[in-house]
Amino acid sequence: MKEILFIEPVLKERIWGGSRLKEYGYDLPSDQTGECWAISAHPNGDCVIRNGTYSGRTLSSLWNHHRELFGLPDAKEFPLLIKIIDAKKDLSVQVHPDDEYASLHENGASGKTECWYVLDCKDDETIVIGHHAKNTEEAARMVREGRYQELIREIPVHKGDFFQIEPGVLHAIKGGTLILETQQNSDVTYRVYDYDRLENGRPRELHKEQSLAVMKCPFRPKLGKPVTYRVGSASVDHLITCPYYSVEHMTVTGPASFMAGAVFQNLSVIGGEGTIDGIKIRKGDHFIIPSGYGVFELSGNLEIIRSSPCELMVK
Ligand code: ZN
């Protein structure tokens, strides 16, 4: 019988961070805590298991020595990274490379496709997704001439919104926004624009050349509506399936049984409290349902983001 793996998050201080991750029950290193690496086997923040047989082991060590828990025998690295981000101040405008570019220019690293579920934001808040340049030449001219306000595409954002961010798409979270991010296990980011801010009296490094090399021009917004289905006393919004992951938003109001598949699933409780197979869970808990675990039952009043890697695409 496989056990559910409860994960101890790694908290990261950031110059733009705040203290709202306290709302998830975490002890923060400071009032400038920007990221909770909730489920991560990345060397920059390798989470520890906090229960059962594997208590105290890192997720990367389980990945390397107990692959039967995950069900991806041929995958090189743990494929996903789940974060909660508290942006007290605006984050810089960034873009990520795809697998091909990252592998060639970043020592064989993976590219980054990521997606955001908006946990909270201020009224009348905006978010940066995409740009207005008609082609690569115009984008290069705007970057060279510092015409970033013309370049970036800002749109309104609301609690509960979901955004898929493919490689090559400019993006940024503004101050006051809290998101849950599901992404490829990669830390490769190119900073395009930092609002001319200074850190210790100097601007932070920009990666204009790399950014322009990977930016997709023109930007075409992807429109899609989640498909909602019911499982017992739960309502599930299927948010995305892309070559890297599937992500769903679950609202549980009573008992609901789900089936674990051939690959593992990540669950993050983003609201409420309840139980999973009789074990108490609450807002801020993150856990992995191992591959082949079988049926699991959620109960209580819970809001959960669930993700799993797309097994066919994982190398
Ligand atoms: Zn990003």
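Predicted model: local features only at pLDDT ≥ 70, side-chain atom pairs only at ≥ 80, totals over all residues.
**Zinc site and nonpolar cores**

Colleague: Which protein atoms are the donors, and how far from the zinc ion do they lie?

Modeller: The donors are NE2 of His96, NE2 of His171 and two OE atoms of Glu114, and they lie 2.0 to 2.6 Å from the zinc ion. Along the sequence, these donor residues follow the spacing H-x17-E-x56-H.

Colleague: Where do His96 and His171 sit, then?

Modeller: His96 is in the loop between β8 (93-95) and α2 (99-105), whereas His171 is in strand β13 (residues 171-173), so the pair ties together parts that are 75 residues apart in sequence.

Colleague: And are those two buried or exposed?

Modeller: His96 and His171 are both buried.

Colleague: Changing topic, how many residues are in the largest nonpolar core?

Modeller: That core has 39 residues, and among those with the most contacts inside it are Leu5, Phe70, Leu119 and Ile288. The elements that give two or more residues to this core include β1 (5-8), α1 (59-65) and β18 (245-252).

Colleague: Where does this core lie relative to the two domains?

Modeller: It lies between them, because domain 1 (5-214) and domain 2 (227-314) both give residues to it.

Colleague: What does Ile288 touch?

Modeller: Leaving aside residues up to four places away in sequence, Ile288 touches several residues, including Ile4, Leu5, Leu59, Phe78 and Phe264.

Methods: Residues numbered from 1 in each chain as written. Heavy atoms only, no water. Donors = N, O, S within 2.8 Å, 3.2 Å for Na, K, Ca; no water. Helix = DSSP H or I, 4+ residues; strand = E, 2+ residues; numbered from the N terminus. Buried < 20%, exposed > 50% of the residue type's maximum accessible area, 1.4 Å probe, protein only. Core = buried A, V, L, I, M, F, W, Y, C linked by side-chain atoms within 4.5 Å. Domains from an automatic or database assignment. Contact = heavy atoms within 4.5 Å.
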